[in-house]
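Q: Please take me through reading contacts, cores and aromatic pairs in a protein model.

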Amino acid sequence: MKPQQTVLRVTPGGITYRFTPKAVKNYNLRLGRDGVPQVSAPPKAPVAAVDAFVDGHTEWIAKARAHAAAQAQRDAMPLPDKAEALAAFTAMSDRVFPAFAQVLGGKKPTICVRDMSSRWGVCHLTKRQITFALRLYQMPPAAQIYVVVHEYCHFLEPNHSPAFWAQVERILPDWKARRALLRTK
């Protein structure tokens, strides 16, 4: 088979997938927008080995499909009122701000809301601005507070280093459970 020629295959376990031979060293698996798994592997990879690889990732494929379905359902929901969401996030920010007042010189950051599809929040350090995804307003309050604290912690640590996560845990010891709420709804 020529590299880059995609074929539709079915594994012995019954999983239909798209296979594309590519100049890669490892097998790569991702879920297509249509929910069909896509695999790329070296051109000389035995087809039986690729089938076994896909069958070995049945659980991952099921989880990826469930996540994609949940994302599609979220995306189909109408967006909340922007002013209402901004007011709610500003109020949450006001409750969290005292823990960060010293590092921010007593000046609150600007809070914004916009339609974002790949992030729940963004902290712009130089602008002293935190932007929240409009869809975050549809999530449970515990998850919303987690995102607010997460973004504020970037004023202390600008990356996702262990020091950053220690700051998040200092303020929200149950942050992992709260973050999980963002992935299940």
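Q: Which residues does Ile 130 touch?
A: Contact means heavy atoms within 4.5 Å. Leaving out residues up to four places away in sequence, Ile 130 touches Pro 109, Thr 110, Ile 111, Cys 112, Val 122, Cys 123, Glu 151, Tyr 152 and Phe 155. This is a predicted model, where local features need pLDDT of at least 70, side-chain atom pairs count only at pLDDT 80 or more, and totals for chains, interfaces and linings use all residues. Residues are numbered from 1 along each chain as its sequence is written, and side-chain values use heavy atoms, with hydrogens and water left out.

Q: Which residues of the largest nonpolar core touch the most other members?
A: In soluble globular proteins, nonpolar side chains tend to be buried together. A nonpolar core is a set of buried (under 20% relative accessible area, 1.4 Å probe, protein chains only) Ala, Val, Leu, Ile, Met, Phe, Trp, Tyr and Cys residues joined through side-chain atoms within 4.5 Å. Here the largest has 29 residues, and Phe 89, Ile 130, Phe 132, Leu 136, Tyr 146, Tyr 152 and Leu 182 touch the most other members. Another core, apart from it, has 11 residues, including Tyr 17 and Phe 53.

Q: Why is the pair of Phe 89 and Tyr 137 called edge-to-face?
A: A pair of aromatic rings is described by the distance of the centres and the angle of the planes. Rings of Phe, Tyr and Trp (its six-membered ring) pair if their centres lie within 6.5 Å; planes over 60 degrees apart count as edge-to-face. The centres of Phe 89 and Tyr 137 are 6.3 Å apart and the planes at 80 degrees, so the pair is edge-to-face. Phe 89 is buried, at 0% relative accessible area.

Conventions. Buried means under 20% relative accessible area, exposed over 50%, partly exposed in between (1.4 Å probe, protein chains only). Rings of Phe, Tyr and Trp (its six-membered ring) pair if their centres lie within 6.5 Å; planes under 30 degrees apart count as stacked, over 60 as edge-to-face and the rest as tilted.
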